[in-house]
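Subject: Structure handover

Hello,

Here is the structure I said I would pass on. My notes on what was found in it follow below.

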Amino acid sequence: SEFAKLFILVYIAGYLVRRKEEIANSMSGFAKPLLVLMAVSLLLLGQPDFGSAIVIMTASIGVVYLAGVPYRYFLPLVGACVTAVAIIATLQPYRLARLISFADPWEHHLDSGYQLTQALIAFGRGEWFGLGLGNSIQKLFFLPEAHTDFLFSIIAEELGVFGAGLVVILFACLVVRGLLLAQAARNKGLEFHAFLAYGIAIIFGVQASINLGVNLGVLPTKGLTLPLMSYGGNSLIVSCIMIAVLLRIDFESRQIIAAQVKGRAYV
């Protein structure tokens with residue numbers, strides 16, 4: 001699923017560039033990439049990996065919106081996706097149990113709400129400045145997945161509100177910088193680069209937001225890692241590849257600027 005996130009973004013960006021006129025003038029041109037996106041989402045749901053399917057769908061819709069697709073096609077897409085997510089979330093009993101326990105985790109603190117209650121205890125123990133790096137108690141087998149899905153609660157326990165807030169600020173800076181790189185590439189006529197950078201920035205923003213929301217108890221539990229921080233080979237590798245792609249997009253945009261400056265100097 002981690003590699004699927006990157007490859008789907010590459011496909012969507014390429015399609016939006018190659019079929020710009022067809023997308024703007026016909027429903028069929030808009031529907032073709034959605035069929036590919038639907039097929040990938042069904043494969044992810046078969047794993048099952050509901051969280052990654054939501055991230056990929058959100059990032060793809062975001063790129064389509066930023067590409068300037070007509071609203072007469074875009075709004076029905078959003079409505080269909082929201083409806084599909086709501087239906088899928090309630091079809092499986094374990095997903096429904098997560099939604100119920102999310103509403104009141106303390107009522108199910110020994111069952112489906114166990115992870116969330118332990119994460120909230122970690123936040124409470126951290127207070128303002130934390131217990132100190134490496135001094136977490138909750139990661140000593142009290143909190144499951146303390147090194148992956150619920151890493152942020154351990155950061156809050158060890159570094160406190162200020163350390164956790166710094167992590168949120170850094171992720172916000174990463175997302176904003178990615179969007180600015182995308183806009184700069186688009187201004188230079190590099191549309192494929194721009195759409196891909198938009199998608200990568202959205203992926204980082206959505207996945208980090210969902211992970212933080214789950215840790216804080218404002219979103220139902222999902223098996224999504226915290227980008228660049230959670231333990232896990234595929235997640236870390238793909239996150240580093242995405243950062244490398246952003247750096248390459250920035251490099252090629254700067255090359256165009258340098259060539260333009262050089263051309264004016266010759267003139």
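**Aromatic pairs**

W128 has a relative accessibility of 55%, so this tryptophan counts as exposed, the cut-off being over 50%. Please keep in mind throughout that this is a predicted model.

There are 5 aromatic pairs in the structure. In one of them, the ring centres of F123 and F152 are 5.8 Å apart and the planes meet at 55°, so this pair is tilted. F123 belongs to helix α7 (residues 114-126) and F152 to helix α8 (residues 151-187); the two are 29 residues apart, and the pair links distant parts of the chain. F123 and F152 are both buried.

W128 pairs with F162. The centres of these two rings are 6.0 Å apart with the planes at 45°, so this pair is tilted. Since W128 sits in the loop between α7 and α8 while F162 is in helix α8, the pair ties together parts 34 residues apart in sequence. W128 and F162 also form a cluster with F129, linked by ring pairs.

**Overall make-up**

The protein chain has 10 helices and 0 strands. Of its 267 residues, 44% are buried. Among contacts with a separation of 6 or more, 66% are between residues 24 or more positions apart.

In soluble globular proteins, nonpolar side chains tend to be buried together. The largest nonpolar core here contains 56 residues, and those touching the most other members are L9, L16, F30, V63, F195, I200 and M242. At least two residues of this core come from each of α1 (2-18), α3 (27-45), α4 (50-66), α5 (71-91), α8, α9 (191-216) and α10 (233-266). Helix α9 provides the largest share, with 12 residues.

As for V63, its contacts beyond four places in sequence are L9, I12, L16, F195, Y198, G199 and I202. There is also a second, separate core of 11 residues, and F152, I155, A156 and F171 are among them.

**Largest pocket**

The volume of the largest pocket is about 370 Å³. It is lined by 20 residues, of which L34, M38, M57, C81 and A84 are the closest to the centre. Helices α3, α4 and α5 are the elements that give two or more residues to the lining, and α3 gives the most, with 9 residues. By type, the lining consists of 19 nonpolar residues, 1 polar residue and no charged ones.

**Individual buried residues**

- E2 is in helix α1. Its relative accessibility is 15%, so this glutamate counts as buried. Apart from neighbours within four places in sequence, E2 is in contact with Q207, T225, N234, S235 and V238.
- H193 is in helix α9. Its relative accessibility is 19%, so this histidine counts as buried, the limit being under 20%. Leaving out residues up to four places away in sequence, H193 touches A185, I249 and E252.
- P70 is in the loop between α4 and α5. Its relative accessibility is 18%, so this proline counts as buried. Its C-alpha atom is 9.7 Å from that of F30, a residue 40 positions away along the chain.

**Positive phi**

Most residues other than glycine have a negative phi. With a relative accessible area of 36%, L228 is partly exposed.

F141 also has a positive phi, near 75°, and is not a glycine. This phenylalanine is in the loop between α7 and α8, which is also where W128 lies. At 83% relative accessibility, F141 counts as exposed.

Regards

Technical notes. Residues numbered from 1 in each chain as written. Predicted model: local features only at pLDDT ≥ 70, side-chain atom pairs only at ≥ 80, totals over all residues. Heavy atoms only, no water. Phe/Tyr/Trp six-rings, centres within 6.5 Å; stacked < 30°, edge-to-face > 60°. Helix = DSSP H or I, 4+ residues; strand = E, 2+ residues; numbered from the N terminus. Buried < 20%, exposed > 50% of the residue type's maximum accessible area, 1.4 Å probe, protein only. Core = buried A, V, L, I, M, F, W, Y, C linked by side-chain atoms within 4.5 Å. Contact = heavy atoms within 4.5 Å. 1 Å grid on protein atoms, 1.4 Å probe; cavity = no way out; pocket = protein on both sides within 12 Å on 5 of 7 lines; lining within 4 Å. Points joined across faces, edges and corners; volume = space filled by probe spheres on them. Nonpolar A, V, L, I, M, F, W, Y, C, P; charged D, E, K, R; others polar.
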